[in-house]
Amino acid sequence: MTENARAPLEDYRLPVKIKLALMWTALMFLYIYNDYFSLYLPGTIADMTAGRMGPLGPATPQILIGVSIMLATPSLMIVLSAVLPPVISRWLNVLLGGVYTAIQAMTFPGSPPFYQIVVALEVALTVAVIWTALRWPRTPN
C-alpha cells in the first residue's frame, strides 16, 4: 500500500445554499416515486379517470390549482434556495420545511407501508432542511 493510499480522502464544505437545493431535489424525487408507485394500487387509475383525487374528492379546478401549487413549491425551492439572498432563503426554507413536514405527516396515517417508508424519508429531509437553514453559518466580522 502506498503512502498516498493512506492519506485521508479529500473533502470540502458544501455551501448551505447547495445543501438546501439538493435536499429539495431529493424530496421531489421521493414525491415522484411515491406518486408513481401509488398508481399500482387497485382503484387508483379508475379514480383518476373518474375525476377523483383520493381523499380530496372530485378533481375540481380549485383542487387542481391547490395541488399544483403544493407540488410546484418544492420544485421552485430547488432554485430559490440557491439564488435568494441568505436571510430570505434561510427563513423561507424554515417556513416551507415546516409546512411540508406537516403536509407529509398528514399523509402518513392509513397509507400503505411502501408509502409510509417514503413519507418517513420525506419528513427526515424536510426536518433536515429546517435544521440546516437554522444552523446557517454566519460570516466572521
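Hi everyone. When I say buried, I mean under 20% relative accessible area, with exposed being over 50% and partly exposed in between, using a 1.4 Å probe and protein chains only. What we have here is a predicted model, where local features need pLDDT of at least 70, side-chain atom pairs count only at pLDDT 80 or more, and totals for chains, interfaces and linings use all residues. Residues are numbered from 1 along each chain as its sequence is written, and side-chain values use heavy atoms, leaving out hydrogens and water.

Let's start with helix α5, residues 86-107. Helices here are DSSP runs of H or I, at least four residues, numbered from the N terminus. The buried residues of α5 are Ser89, Arg90, Asn93, Val94, Leu96, Gly97, Tyr100, Thr101 and Gln104. What do the buried residues of α5 pack against? They meet α2 (16-38), α4 (61-83) and α6 (113-134), where contact means heavy atoms within 4.5 Å.

Leaving aside residues up to four places away in sequence, Arg90 touches Ala133, Leu134, Trp136 and Arg138.

Finally, α4. Its buried residues are Val67, Thr73, Pro74, Met77 and Ser81, and their cover includes α2 and α5. Thanks, everyone!

Terms used
Helices (H or I, at least four residues) and strands (E, at least two) are DSSP runs, numbered from the N terminus.
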